[in-house]
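This report describes selected features of one protein chain. Please study the sequence and the model before reading on.

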Amino acid sequence: MPPSRCPIAPTFPADPTPPIPETLAYSFTLPAALSSSALARAATREVLRAHDLADVMDPALQAVAELTAVACQFAESENYYLTLRYRFSSLRVIAYDSHPRHTSPHLATACDTRRRAALRLLACVCRACDGTWGFGEAREPGGGTRMWVTLPRAGAAAYGAP
């Protein structure tokens, strides 16, 4: 039998470094179905545990639930995109949906008002954690809308405390 022309893949030892908060960087493409919110929360729960960020679990899961539910509601395609990042002692959650910005100022204002109303619980969570949130036109080539929340770890860890 002649030797293969395909190179043999080198073996790499497993990285023994456990995940830490600063290495949290995950992105998910999810179906634009309301059942995807439960999947997004489950994935977020495991990611936060693995990266030793269980202290921000409650507000993070609430933020993911709110962002994914609204992304599903507004998505005009079959999927939406969710990303989780931890940088500068803050968890950042971003959801992208395919709903484009309206060219009519009247329609844009009405749509923004509807989206803002749908995210009112997220606004309360952010306020309780000293975080920030917002939405606007996605800068990605596919367009659509980008919704985001930033939860500082100290504020999120104190979430729900009397």
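## Terms and basis of the report

Helices (H or I, at least four residues) and strands (E, at least two) are DSSP runs, numbered from the N terminus. The model is predicted, and local features need pLDDT of at least 70, side-chain atom pairs count only at pLDDT 80 or more, and totals for chains, interfaces and linings use all residues. Residues are numbered from 1 along each chain as its sequence is written, and side-chain values use heavy atoms, with hydrogens and water left out.

The loop between β3 and α3 (105-118) contains Ser98. Ser98 counts as partly exposed because its relative accessibility is 24%; in this scheme buried means under 20% relative accessible area, exposed over 50%, and partly exposed in between (1.4 Å probe, protein chains only). Between the C-alpha atoms of Ser98 and Ala32 there are 9.9 Å in space, while 66 residues separate the two in sequence.

Which residues does Ser98 contact, leaving aside its neighbours within four places in sequence? They are Ala75, Glu76, Ser77 and Gly144, where contact means heavy atoms within 4.5 Å. A polar atom of the Ser98 side chain lies 2.6 Å from the backbone nitrogen of Glu76, and the side chain of Ser98 also reaches the backbone nitrogen of Ser77 at 2.8 Å.

His99 is found in the loop between β3 and α3 as well. With a relative accessible area of 9%, His99 is buried. Apart from neighbours within four places in sequence, His99 is in contact with Phe74, Glu76, Cys111, Arg115, Gly144 and Thr145.

Is Arg115, with a relative accessible area of 2%, buried or exposed? Arg115 is buried, and its place is in helix α3. Its side chain is joined to that of Asp97 by a polar contact of 2.8 Å and to that of Thr145 by a polar contact of 3.5 Å. A polar contact is a pair of N or O atoms within 3.5 Å; within protein, one must be able to donate a hydrogen and the other to accept it, and residues adjacent in sequence count only if both atoms are side-chain atoms.

Not counting residues up to four places away in sequence, Arg115 touches Val70, Phe74, Asp97, His99, Phe135, Thr145 and Met147. Arg115 also lies over the face of Phe74, at 4.1 Å from the ring centre. Arg114 lies over the face of Phe74 too, at 4.6 Å from the ring centre. A charge sits over a ring if NZ of Lys or CZ of Arg is within 6 Å of the ring centre and within 35 degrees of the ring normal.

## Aromatic pairs

How many aromatic pairs does the structure hold? There are two. Rings of Phe, Tyr and Trp (its six-membered ring) pair if their centres lie within 6.5 Å; planes under 30 degrees apart count as stacked, over 60 as edge-to-face and the rest as tilted. Tyr81 and Tyr96 form a tilted pair, with 5.5 Å centre to centre and 45 degrees between the planes. This pair links distant parts of the chain, since Tyr81 is in strand β2 (residues 79-87) and Tyr96 is in strand β3 (residues 90-97), 15 residues apart. Tyr81 counts as partly exposed at 32% relative accessibility, whereas Tyr96 counts as buried at 14%.

Trp133 and Phe135 also form a tilted pair, at 6.4 Å centre to centre and 35 degrees between the planes. Trp133 counts as partly exposed at 25% relative accessibility, and Phe135 counts as buried at 19%.

## The largest nonpolar core

A nonpolar core is a set of buried Ala, Val, Leu, Ile, Met, Phe, Trp, Tyr and Cys residues joined through side-chain atoms within 4.5 Å. The largest one has 35 residues, of which Leu24, Leu48, Leu67, Val93, Met147, Val149 and Leu151 touch the most other members. At least two residues of this core come from each of α1 (36-50), α2 (57-74), β2, β3, α4 (120-129) and β5 (145-152). With 10 residues, α2 gives the most to this core.

Leaving aside neighbours within four places in sequence, the contacts of Val93 include Val64, Leu67, Leu82 and Met147.

In α4, the residues Leu122, Ala123, Val125, Cys126 and Cys129 are buried. They lie on the same side of α4 because they cover an arc of only 160 degrees around the axis, the arc being that of the directions from the helix axis to the C-beta atoms. Arg120 and Arg127, on the other side of α4, are exposed.

The cover over the buried residues of α4 includes α2, β4 (132-137), β5 and α5 (153-157). Asp130 follows α4 and has a positive phi, near 60 degrees.
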